[in-house]
Structure formats: C-alpha cells, structure tokens
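Here is a short report on one protein chain. Keep the sequence and the 3D view open as you read.

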Amino acid sequence: MLSVQPMMLVTDESCDWWHSDLQNHALLPYLKWHVFLDSFETNVLTTDMIRTDGLRLLQLNYSWAPEGAVLICFTSGTTGRPKGVVISHSALIMQSLAKVAIVGYSEDDVYLHTAPLCHIGGLSSAMAMLMVGACHVLMPKFEASLALDAIEQHKVTSLITVPAMMGDLISLSRKKQTSEGRQTLKKILNGGGSLSVGLIKDASKCFPKAKLLSAYGMTESCSSLTFMTLYDPALQNLDQPSQEYDKLESNLLNQPQGVCVGKPAPHVELKISSEGSSNTGRILTRGPHVMLRYWNQNPSKASGSTDEVWLDTGDIGSIDDSGNLWLIGRTNNRIKSGGENVHPEEVEAILLQHPAIVAAIVLGVPDARMTEMVVACIRLKQGWQWRRDICEPLAETELLLCSEILQKYCREKNLSGFKIPKSFIIWKKPFPLTTTGKIRRDQIRKEVRSHLQLLPSSL
C-alpha cells in the first residue's frame, strides 16, 4: 500500500490556469502548505509566505520507513534513455548528512537553487539545506545574469554548479566593475564534470571568500560518492599563491592516467573490480546511499554487476594509497582504436591544459582500418587562430594552433600514441548540454559524423 506524507505545494502566477482543478484532485487531502511566489523573478522562500488557505489542515501521522521509496529521480540520459531511479529515505538522509559534514552547510546559509530540482544534485543539496534550516532562494532556471543578481540581492552564501555554469558565472562576473556578492559566497560545490585548473584559478579570483569543492557521483548513488576541496581561502598561502595552484595542478593532473575526484563520503564504500593484477577497473560502490532499484525493472538487474550487493557505476578508475579515487572515464564512452582502449576523458584532460583550448570533447568515429578513429572537437580561446596547413607563426605575437602542434603537445604530456587524436574539429558554437549541464556526446557524435568529410569544419 502506498503511503503518502503531508506535502507542500509551491506555485506562481503561471499556475493559475490549473490551480482551480487542484481543488478536486485526489492529492488534496495530503496538502498541508501552499507557497505562492509573486513572479518569475528570483524569490526568497520564507515561513511568512507559507499559508494554508483553501487547503484542509491534517493531523500529522508520520510513519518510519527508512528503506521505503521516497522518490523516483531520472538520470540525465547522456549515455542512453533516461532511467527512473528509486531512492530510499535512508539514502537521501545519508547524502544530506554527508554534504552537511563535508561542505559545511548550516542554518546561517542562504542557498541559491542554481540546479533544477528534478536532478539529484540540486535535489540532494536542497534537502541538506532543509535539514539544517537554511534560507532558500529559488529561480525558475539558471541564467548567469539572474544568478549574479540574486547573489548580490540576497547575500547568497552557497550554491552548486557544473563546469558550464561556472564558466558563465566567471565570464559575466568579470564584466562587472564591483559586486558585493563576490564577498558573500562562502561555499561552491561543483559536480557534473571536473573543473580545469584555469577555471579553479578564475573562480577563486571572482569569489575569493568561497571554499570550492568538487563532487563525483550519479543518480543511482543518490548524488555524491566522493568529495574534494579544490580551493580553500582559509588555507590559502597568501604570500605564494602561485605555488598553491602549481601544487593543485600537480595533484589533479600529474598522474599516469585519470583525474582525481577525492575521497569517499563517510557512508560510502568503494572498490575497483579489475582483471588480473591491474589496479584499474570498474568502480563499484555499496552502502545505504545506493538506489533500491530502477523503476519498472527487476532489482536483481539494477546494478549491472555480478555481485548484487555492489552497484556498478559504469565508470573506470583506480584508488591510490591515500584513498583518493582517480576517474579515467565511462565504460560507455570508451573508444576502441586499433585494438586498444581509449578513454576520452583522459585525452580531454590533456588537451584542456593547452593555453589555447577552452573546451574539448573527444570521441570515436567509425574507421575501416582502426575500428574507431580518435577525433577531438575543440573550442579555442579568443585571439587564437587555427591553421590547417601552416604551423609556423608569421609573427612572434601571433597565437597560432594546428593539428601538428596539438599532437606534439600530447606526446610531450606522455599521452600514448594510440590515444592522440588523429583529427581535430574546430567547434565554434557552444557544445550541446542536457538540462543539468552535462555534455550531449551522442548529439556531438552525430554532427561530427555528418560533417567529417568537410574538415576542417565550422560546427
């Protein structure tokens, strides 16, 4: 039997056309609070706005069901059709406690909802903020200009981002001469992909008082599995800041392969399932944070692992002697080139270290001889020029890039020859993203395959 708990309804003026129909809805007896937002502009949700007019008050009769389903949250669908993930009460509670302990959320926080509440990242952070009694600032969707205005107007102290959001915030923030909001932000949690060292440096300059952390996880694990502090103003060496960034760059990138994503949260257990003596393999996890099952699927088939206790994340990585997880890439993204496995995330991390490249997506396209050919789609920073055949600059000040220069750069960074892209496509428009800010590799692959014969392309 389905147990329905008392609920809160949040509406604005766009909901007027269907709000009257709600009075006859089957869920009406379970609605206890109604919150009305005056407009689509950013609003602060406070207890003064909560009213019960038109709704019947109920006698609260709570039931304890820690292993019961609390919600169904859908995956982003970047590697296939979105799947409904059934999450338990315990998983959501443990995730909230982890964020409170590691990020440091508290009742003094003013939290800006930059991520949609249909996504596990935004939802889990919102629940953590509700747990500590923080203030919430809601916005209909993320726009950098609206977010910066909200930060300044409401003295926002905390928010979450993905790399694309962070880039937009930094770009717009630079155009503003002064902003008090830069001084109020104290905590920024980034997910949905790793931040480059360049973005970390820029973020610390734009928001100098904010502690910047990264999180790695997935919907099936109720959001974050691991956390890592990227920048902490309290620990910053003010006398030699450049050395701090050099140390960070070394920790993030100077490994044989992969990107460091930090240590697991207290309730999370991780292990690597590998073949033979290799330290690299599939990342598995277990604990109270793991989903109950996929919606409309048999629980025994949910994990995709031969061991039903462990959830197979679908990612490839390793764990070092200090307990840090190193992420190499996703199994579904793996490129098979000449009999060798290529993880695009590893190649992308190398390309993003080049001063000319602001964004890079690596993928495989069908090739008769190699099975798949490694291709890199890159976006250049302003001022750089791409040449197809001439690699020598005409003047010392000319910022010039070509395939030969980039391939040589990859070799200098000790990237194996079979992993080095054979072709580069200059991508002049923003990469397509999901609503949660993740790269749509499937869409990019379709465009690349249809334009490959026209290289160099102006996608």
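## Basis and overall make-up

This is a predicted model: local features need pLDDT of at least 70, side-chain atom pairs count only at pLDDT 80 or more, and totals for chains, interfaces and linings use all residues. Residues are numbered from 1 along each chain as its sequence is written, and side-chain values use heavy atoms, with hydrogens and water left out.

The chain has 11 helices and 26 strands. Helices (H or I, at least four residues) and strands (E, at least two) are DSSP runs, numbered from the N terminus. Of the 459 residues, 46% count as buried. Buried means under 20% relative accessible area, exposed over 50%, and partly exposed in between, with a 1.4 Å probe and protein chains only. Contact means heavy atoms within 4.5 Å. Among contacts with a separation of 6 or more, 63% join residues 24 or more positions apart.

## Helix α2 against α3

Helix α2 covers residues 89–102. It packs on helix α3 (residues 120–132) at an angle of about 75 degrees, with the axes 8 Å apart. That makes α2 roughly perpendicular to α3. Axes are lines fitted to C-alpha atoms, for helices over the stretch in contact, and angles run from 0 to 180 degrees between N-to-C directions. Angles under 35 degrees count as roughly parallel, over 145 as roughly antiparallel, 65 to 115 as roughly perpendicular and the rest as oblique. From α2, Leu92, Ile93, Gln95, Ser96, Leu97, Lys99 and Val100 take part. They meet Ser124, Ser125, Met127, Ala128, Met131 and Val132 of α3. By class, the contact of α2 with α3 has eight nonpolar, four polar and one charged residues. Here Ala, Val, Leu, Ile, Met, Phe, Trp, Tyr, Cys and Pro count as nonpolar, Asp, Glu, Lys and Arg as charged, and the others, Gly among them, as polar.

Two residues of α2 deserve a look. Serine 96 is buried, at 2% relative accessibility. Leaving out residues up to four places away in sequence, serine 96 touches Ser124, Met127, Ala128 and Met131. Methionine 94, also in α2, is partly exposed at 26%. With the neighbours up to four places away in sequence left out, methionine 94 touches His267 and Pro288.

## Helix α4 against α5

Helix α4 (residues 144–154) packs with helix α5 (residues 163–175) at about 70 degrees, the axes being 9 Å apart. The two are therefore roughly perpendicular. The contact pairs Ala144, Ser145, Ala147 and Leu148 of α4 with Asp168, Leu169, Leu172 and Ser173 of α5. Its residues divide into five nonpolar, two polar and one charged.

Seven of the eight residues of α9 are buried, so α9 is largely enclosed by the rest of the structure. The buried set is Pro344, Glu346, Val347, Glu348, Ala349, Ile350 and Leu351.

Helix α10 (residues 403–412) buries Leu406, Tyr409 and Cys410. Seen down the α10 axis, these fall within an arc of 100 degrees, so they line one face of the helix. The arc is that of the directions from the helix axis to the C-beta atoms. On the other side, Glu404 and Glu412 are exposed. The cover over the buried residues of α10 includes α9 (344–351), β22 (357–367) and β23 (371–380).

## Isoleucine 444

Which helix holds isoleucine 444? Isoleucine 444 is in α11 (residues 441–451), and it is buried at 0% relative accessibility. Beyond residues up to four places away in sequence, isoleucine 444 touches Ile361, Leu363, Cys377, Trp427, Phe431, Pro432 and Ile439. Its C-alpha is 8.8 Å from that of leucine 363, 81 residues away along the chain.

## Positive phi angles

Most residues other than glycine have a negative phi. Lysine 155 has a positive phi near 55 degrees and sits in the loop between α4 and β9 (158–161). Serine 223 has a positive phi near 90 degrees. Serine 223 belongs to strand β12 (residues 223–231) and is buried, with a relative accessible area of 8%.
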